[in-house]
Amino acid sequence: MANDLPVITGITESELSNFLKEHGQSSFRQKQILDWVWRKRVQTFDEMTNLSPALRSLLAENFRFYQPEVIELTGLKGGTRKFLTKMEDGNLVESVIIPAARAEDGEQSSRITLCVSSQVGCAFGCKFCASGLLGLTRNLTTAEMIGQILSAEKIANHRIDNLVFMGMGEPLANGKNLFPALDIITAHMGLGIGARHITISTSGFVPGIKQLIDYPKQIQFAISLHGASNKVRNEIMPVNTKWPLEELVPALQEWVDAGKQKPTLEYILIKDVNDSPKDCQDLISIARKLNAKVNLIPYNTVKGLQWTRPSEEHCKQFCKTINYARIQVTMRYEKGHDINAACGQLRLRKEQGI
Ligand code: SAH
Ligand code: SF4
């Protein structure tokens, strides 16, 4: 069946190179094919006019073009936009286009960040997270992750400058499709997004962190810590019962020791759950140990869940205390709050009818 064929935009350079070698094609063809796919963005093999008809047929017999359909686009004028993609099997996935905040000189920067999903749902079931509520349906394929970027570039009519794997799913639990996607995203003859402009976020899936340490490119790394003691993490993040802080922190230390980019500790502030002075001190001591940055995110309420965000004053005080401890800290109010598009708040509302 034609749609069993691998999608060409999910094929890495080395896979294509192996394919061409196996079929006795010169390596020069690879560059031509990649140029058609990634620079000229053609949609059929027939358009690859500098290839012989025989090679075009060979490609068409072994690969296909397929771009999942965007079925809904929600957003504010000039602001954050969320789009819903329907995968071939009917599963729905959300992605968020986030324009850069005003640059320091007051000019509007034209840089665009895309928040992509890596799975349909999520198996990790964090208690505060909309994505985890429904459990995991399936991993996204490499081409489906790439497809979100291609759709976003079309919608925004602009290239994607920064990429955050902070949509639905736990990217490191889908390493088999994530790592080839990273190869394609960072390839010069691919999407050409610099590794330093890509952030992978994990809730603390330790085996995946080890895999990411071994990945040769300088990807940015964020950890959804949200609690700096086992007591708090166990309460809100089931992943911590499997990989408690005694295992997570040394894995993060390995990342730091490997000379990778400075990690970011993401910390959602949830009222009366993780916002006490002791919680703050616990967070400071982990950040200090790892020489990590801290990113505070006042919790965005999720319909159907009981958690709320602390007062603005309380959040600011929490932030100040970290700052006084000379830890690099930022506080970020999610831009998509008003359209339920905040990263990490993605959920199949359409299917759920809420
Ligand atoms: N599974 C990975 C990648 C998803 S990132 C991870 O958890 O890191 C999504 C981010 O948004 C995570 O830091 C997540 O904890 C956070 N998040 C989830 N629900 C949220 C909410 N309601 N308000 C603010 N942030 C939320
Ligand atoms: Fe999954 Fe991350 Fe949400 Fe936890 S916070 S349920 S790991 S998407």
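Visitor: Which residues are around ligand 2?
Guide: This is a predicted model, in which local features need pLDDT of at least 70 and side-chain atom pairs count only at pLDDT 80 or more, whereas totals for chains, interfaces and linings use all residues. Residues are numbered from 1 along each chain as its sequence is written, chains are lettered from A and ligands numbered from 1 in the order in which they are written, and side-chain values use heavy atoms, with hydrogens and water left out. Taking a residue as near a molecule or strand if one of its heavy atoms lies within 4 Å of it, one finds around ligand 2 the residues C122, F124, G125, C126, C129, G132, G169, E170 and S203.

Visitor: How many charged residues does the shell around ligand 2 have?
Guide: In this sorting Ala, Val, Leu, Ile, Met, Phe, Trp, Tyr, Cys and Pro count as nonpolar, Asp, Glu, Lys and Arg as charged, and the others, Gly among them, as polar. By class, then, the shell around ligand 2 holds four nonpolar and four polar residues, and the charged residues number one.

Visitor: How do the residues of the shell around ligand 1 divide by class?
Guide: There are 20 residues around ligand 1, of which G169, S201, S224, H226 and N300 come nearest. By class, the shell of ligand 1 divides into nine nonpolar, 10 polar and one charged.

Visitor: Which residue has a side-chain N or O atom 2.5 Å from an oxygen atom of ligand 1?
Guide: A polar contact is a pair of N or O atoms within 3.5 Å; within protein, one must be able to donate a hydrogen and the other to accept it, and residues adjacent in sequence count only if both atoms are side-chain atoms. Nitrogen atoms of ligand 1 lie 3.2 Å from a polar side-chain atom of E170 and 2.8 Å from a backbone N or O atom of N300. The 2.5 Å distance to an oxygen atom of ligand 1 belongs to the side chain of S224.

Visitor: Which residue in β3 does K82 stand opposite?
Guide: Helices (H or I, at least four residues) and strands (E, at least two) are DSSP runs numbered from the N terminus, and two strands pair if DSSP finds at least two bridges between them. Strand β2 (residues 81-86) pairs antiparallel with β1 (residues 69-75) over six bridges, and T74 stands opposite K82 there. Six bridges also join β2 to the antiparallel strand β3 (residues 92-99), where the residue opposite K82 is V96.

Visitor: Which residue does L114 stand opposite in β7?
Guide: Strand β4 (residues 112-115) points I112 and L114 one way and T113 and C115 the other, and all are buried, that is, under 20% relative accessible area, with exposed meaning over 50% and partly exposed in between (1.4 Å probe, protein chains only). β4 pairs with β3 in the antiparallel sense over four bridges, with I98 opposite T113. With β7, β4 pairs in the parallel sense over three bridges, and L114 stands opposite L163.

Visitor: Why is the sulfur of C280 too far from the closest cysteine sulfur for a bond?
Guide: A disulfide is counted as a pair of cysteine sulfur atoms within 2.5 Å, and by this rule the count comes to zero. C280 is buried, at 2% relative accessible area. Its sulfur is too far for a bond because the closest cysteine sulfur, in C319, lies at 9.0 Å.

Visitor: Which residue's side chain does a polar contact of 2.9 Å join to that of E153?
Guide: E153 belongs to helix α4 (residues 142-156) and is buried, with a relative accessible area of 10%. The contact of 2.9 Å joins E153 to R41.

Visitor: Is N157 buried or exposed?
Guide: N157 lies in the loop between α4 and β7 (162-165), and its phi is positive, about 55°, although it is not a glycine. With a relative accessible area of 70%, N157 is exposed.
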